[in-house]
Amino acid sequence: MTLAAGSRLHPRLRRRELALLVIGALALTVGSVTLALTRRLASGDPPGAETGFPLADGAALAAYLAALFGAHAVLVLTGRRTDQVLLPTVGLLGGISLLLMERLPQDLAGGLGGLASTQLVWLIGSVAVITTIAALIRSDAWLRLYKYTWAAFGVGLLLLTFVAGREVNGQRLTLAIGPFSGQPSELLKVILVVFLAGYLSENRALLVEQSTRLGPIRLPPLPYLAPMVAMWALALSIVVVQRDLGAALLFFAVFLLLLYVTTGRASFVALGLVAFVAGGAVLYEIVPHVRTRVDIWVDPFATASGAGYQVVQALHAFARGGILGTGLGAGLPEVGSLPPGGIPALHTDFPLAALGEELGLIGVMAILGLYLVVIERGLRIAASAADDFRAILAAGLSLVIGVQAFIIAAGNLKLIPLTGITLPFISYGGSSLLTNGLVVGLLIALSDRGVEPPPPPTARRGIRRVFDRGAP
Amino acid sequence: MDPVVLSIWILRLVFLALLYWFLWTVVRILLRDLRAAAREPGAELGRLLVLASPGGEPAVGAAFSLDAVTTLGRDVNNTIVVDDEFASGSHAVLTYRGRTWYVEDLGSTNGTFVNGHPVDGIAAIAFGDELQLGNVRLRLERARR
């Protein structure tokens, strides 16, 4: 990791980024004004009168927009030729999150004077992480050379959570060290991608070339099958010990996608899916938590006032939103509070349902479109990367965000069983925002074609394995 | 209709419209990038970057765009002429098959090395790997897109 040399600052304009940021800021300002007007109308005050909300209308948004434009200024001053689309896209998602949090009951969470102000602090922190990494990271040697160290760190973190994690809502996800608490699975997904990028790029030639035949099925070469079985076991153990279906699904899906990106073999992916479904079927019988989730998915209305309450309320919210939505702030007032009427854990697990109610089908499609933009940019960065490690890393980082958004959005819409993971950049929560900031910052840094060339490869296991020359 | 209600209505729609304006602008940028990538001389399968070349031919820092079959050696008929006293006339050949690059040593006197290991016959090489023929070191890189 080399730092930007202060003497070599060559500012370079980023017109596209600026234009996109201006449009995004405009949209968010209009949204904020709508929200304020709706709220005053609802509270019966004459327009213009002060209402006693913890944050003066618009102050939070102004602070957030200032942070975004500040980030833009820093990137201009650094003068690197990097991606100009990711920051505004992610910034717009974060701004929508801020509007949503301002609109929910402030006592839902947060130690810093309410939901919105806490989320504001985390959002600004996330923008700061993106900027720092995008401006300073000029080499990926520290990631590629220590992949086993990272993997060991990740497994250690996971084991620590297994043992010392705090149970919240029946899920053992939160790790508290002194005053700091966080969800390690958020950081784990980044470590997983780094490790897989290192492992797969190192063994790509072998994975493509050799295969063990088992009847009609082509398996990966046996010595290289072991890590895959380990991944599968890891995912299932997360389900059993942490009861965290979302993280397990995310990790395994990203693993299979990267395996496909690396080898181009659909059979590996099919095999992985079969193994996952088989494992899931066994877990359905053994683990009651899994059974509950699947039963709710099959028929939430059977337990509409019990276990299925959350999902049923979310479906109602989407239905109320219709095509154009009820407008920001005009959803059900008790949304997010305890029954009756609201969706429990709305700010973390169901932000899409609230946005579906207030922005409608059109708004939800725009938000999903923003996630697609993140994926497209990441895959473009991967396609133009100089070597395999960087390509797999960039693809993995963008897919992590995309797959996570898909899993929770599909869960909200009852397309797949609901799993409690966060919607990147929109859900409330510091671990999620900071880690996703790390992911986007890395993507922007990797998009620079002028970064340090990859370090000379170390001697690889397996390169000595050469083929016989054909017929003499 | 109450002007406040009406203005809220309009602002709501403006908000959604602005979201789509943002998306539209992004998509235009993405399409322009894609077209620019498509316009570039296509069919480049990889590039070979010269890291060290004591003889000066090929020059250090030069980057060769690779065809599916690229031969290397001292003979002038090679795709890439390697003018080095330890390189053979017909030294090695790089081929692209499936989605992988292979290097084959054509029975050179001093051998071909991948990341410091001698190649015996044909070996698969990955992007980022270093080739050495005589004193000339080259790195295989992915095509610029």
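User: Before I count anything, what counts as a helix or a strand here?

Analyst: Helices are DSSP runs of H or I with at least four residues, strands are E runs of at least two, and both are numbered from the N terminus. Keep in mind that this is a predicted model.

User: In which pattern do they follow along the sequence of chain B?

Analyst: Chain B reads α-β-β-β-β-β-β-β-β-β-β-β.

User: OK, on to sheets. How do strands of a sheet pair?

Analyst: The general idea is that they pair through backbone hydrogen bonds, in either a parallel or an antiparallel sense. In chain B, look for an open sheet of five strands, ordered 4-3-5-6-9, where the pairing is mixed.

User: Which strands stand at the edges of that sheet?

Analyst: Those are strand 4 (80-81) and strand 9 (122-125) of chain B. Each has a single partner strand, so one side of each is left without a neighbour in the sheet.

User: How do I judge the overall shape of chain B?

Analyst: Compare the radius of gyration with what a globule would give. A compact globule of 145 residues would come out near 15 Å, but chain B has 26 Å. Its C-alpha atoms fill a box of roughly 90 × 25 × 25 Å along the principal axes.

User: And what share of chain B is buried?

Analyst: Buried residues make up 34% of the 145 residues in chain B.

User: Last one: how many residues of chain B are in contact with chain A?

Analyst: As general background, interface size is often quoted as the accessible area lost when the parts come together. Here we can count residues instead: 42 of chain B are in contact with 52 of chain A. On the chain B side, the elements giving two or more residues are helix 1 (3-39) and strand 9. Helix 1 of chain B supplies the largest share, 19 residues. By type, the chain B side divides into 23 nonpolar, nine polar and ten charged residues.

Conventions: Residues numbered from 1 in each chain as written. Chains lettered and ligands numbered in written order. Predicted model: local features only at pLDDT ≥ 70, side-chain atom pairs only at ≥ 80, totals over all residues. Pairing = 2+ DSSP bridges. Contact = placed C-beta atoms within 7 Å. Nonpolar A, V, L, I, M, F, W, Y, C, P; charged D, E, K, R; others polar. Rg over C-alpha atoms; globule rule 2.2 N^0.38 Å. Buried ≥ 20, exposed ≤ 12 C-beta atoms within 10 Å, placed from the backbone.
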